[in-house]
Amino acid sequence: MAAAPVAEGAPVEPHDSNSSAESLDRLYPAVGSTKPPRKRTTSQCKSEPPLLRTSKRTIYTAGRPPWYNEHGTQSKEAFVIGLGGGSASGKTTVATMIIEALDVPWVVLLSMDSFYKVLTKQQQEQAASNDFNFDHPDAFDFDLIIATLKKLKQGKSVKIPIYDFTTHSRKKEWKTLYGANVIIFEGIMAFADKELLKLLDLKIFVDTDSDIRLVRRLRRDISERGRDIEGVIKQYNKFVKPAFDQYIQPTMRLADIVVPRGSGNTVAIDLIVQHVHSQLEERELSVRAALASAHQCHPLPQTLSVLKSTPQVRGMHTIIRNKETSRDEFIFYSKRLMRLLIEHALSLLPFQSCTVQTPQGQDYEGRTYSGKQITGVSILRAGETMEPALRAVCKDVRIGTILIQTNCNTGEPELHYLRLPKDISEDHVILMDCTVSTGAAAMMAVRVLLDHDVPEDKIFLLSLLMAEMGVHSVAYAFPRVKIITTAVDKKVNDLFRIIPGIGNFGDRYFGTDAPPDWSDDEDALST
């Protein structure tokens, strides 16, 4: 549709023509002296995966990733917002304000600045003397941008290059972004490629006065990128301004919405947020309907293996489910169940025939594990209680940990910490947690393993107790993951507690107290 400028917000103070610099300083304070920042909603940590944020607003995913339907296939692509505009027009600030105002789960911000091409030695020398044009389309790796955005839109993780603006080069390390509900892609050339335009569901152009952009660029490049005033002005006059006139401003006509005055235009941002919410709510209905249908109409999946309910197993469940059971007894019988569960899981690993010779000199036709290695990964903190049982029956097992916090208000998972052994992609992985209700955190843990190239059919999800909802969610999202438990309960209440359940496993095991509205799912993923 045609680009539509949006009404501006509060009026701008009069500009004093006799003191241009002072006026701009007053309207646009120096970097670091702006109003207090709002709550962070995404993480751009370079060494750890980004934090996938959650929402207190609406449960768009009903406790499961937004890109899977009940058949384990992708039901829809992420909603991608493209933010274009001149250098220092306020695109990143506008993107951050949109994220904060949206307040929905699973949002990532992707910057075009990460995708500058690797420079040759000659180009490096030109860049050092401010003679290289970073504002030309050829300066960007559009092939990598398009491939990355396509994967993100499909709900897959991607590796993002980290660009060092002081040395004009890519760093050796890359950062990881995971799939999301909403992707915001911002950059000066966001609308400069036809293939890239096809990936954008909403195109926004941030239109800011050229004088203001120059002042912002001066401050940014001098304070953050180690440049001098003369060099910045030279680069601006030689490359930045001509590039804006030739390549950037003409793309304004491609935008669905034009935002005059950038981040100062709160009216525009509110309208954008309303539009995105309407799109997400339309998608939410189909996801919830499919999920409800799956839970009501489908039998438990074939990938589920439940420990045989012998009188012994039933007796131990009776003890640990009893609210009057002491902590010592709860720990003792939980450990016994864990041992039985892990031994049952190991029996499902692939074995091959082999012949050994007994001390009596006779051949024995036996079986031996046919995989390379077994790695246990515990979802902290409840999952780590299963590690001793795994070590007791599996010699030389390697252990990794994942910390996923389930938001007690929404049931949505947040990834906080990750430590996995090297070369885990070749292992059979025993993923351990003690209770799974909605399956939200378990599915994120599976996604993390898949993002580290662990084959889906080599992942074994172990839990002492699961709800049918969690079993269905995991199985439909990851139909080749093996799900192994000692019991499956039918219901989950409005607070995501398993009914009849076992209570908050982590608090009963560790002797701690949980908030009254805390979820059973990844119950002990504490602060």
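Visitor: How do you know at what angle helix α6 and helix α7 cross?

Guide: This is a predicted model, where local features need pLDDT of at least 70, side-chain atom pairs count only at pLDDT 80 or more, and totals for chains, interfaces and linings use all residues. Residues are numbered from 1 along each chain as its sequence is written, and side-chain values use heavy atoms, with hydrogens and water left out. Axes are lines fitted to C-alpha atoms, for helices over the stretch in contact, and angles run from 0 to 180 degrees between N-to-C directions. The axes of α6 (residues 210–224) and α7 (residues 229–248) cross at roughly 135° and come within 11 Å.

Visitor: Why is α6 called oblique to α7?

Guide: Under 35 degrees counts as roughly parallel, over 145 as roughly antiparallel, 65 to 115 as roughly perpendicular, and the rest as oblique. The crossing is at roughly 135°, so α6 is oblique to α7.

Visitor: Which residues make the contact between α6 and α7?

Guide: Contact means heavy atoms within 4.5 Å. From α6 they include Arg213, Leu214 and Arg217; from α7, Val232, Tyr236 and Phe244 are among them.

Visitor: Why is serine 334 called buried?

Guide: Buried means under 20% relative accessible area, exposed over 50%, partly exposed in between (1.4 Å probe, protein chains only). Serine 334 has 0%, so the residue is buried. Serine 334 lies in helix α10. Leaving aside residues up to four places away in sequence, it touches Ile320, Leu464 and Phe505.

Visitor: What span is expected of helix α10, and what does it reach?

Guide: The expected span is 1.5 Å times one less than the number of residues. Helix α10 (residues 327–346) has 20 residues, and 28 Å is expected. From first C-alpha to last, α10 reaches 28 Å, close to that value.

Visitor: Is lysine 175 buried or exposed, and why?

Guide: Its relative accessible area is 14%, so lysine 175 is buried. Lysine 175 sits in strand β5 (residues 169–177). Its C-alpha is 5.2 Å from that of isoleucine 160, 15 residues apart along the chain.

Visitor: Where is confidence lowest, and where highest?

Guide: pLDDT is the predictor's confidence in each residue, from 0 to 100. The chain averages 75, and 76% of the residues score at least 70. Helix α1 (residues 20–27) is lowest, at a mean of 38; strand β19 (residues 482–485) is highest, at 94. Over residues 4–73 pLDDT stays under 50. Where pLDDT is low, the predicted coordinates should not be read in detail.

Definitions and conventions. Helices (H or I, at least four residues) and strands (E, at least two) are DSSP runs, numbered from the N terminus.
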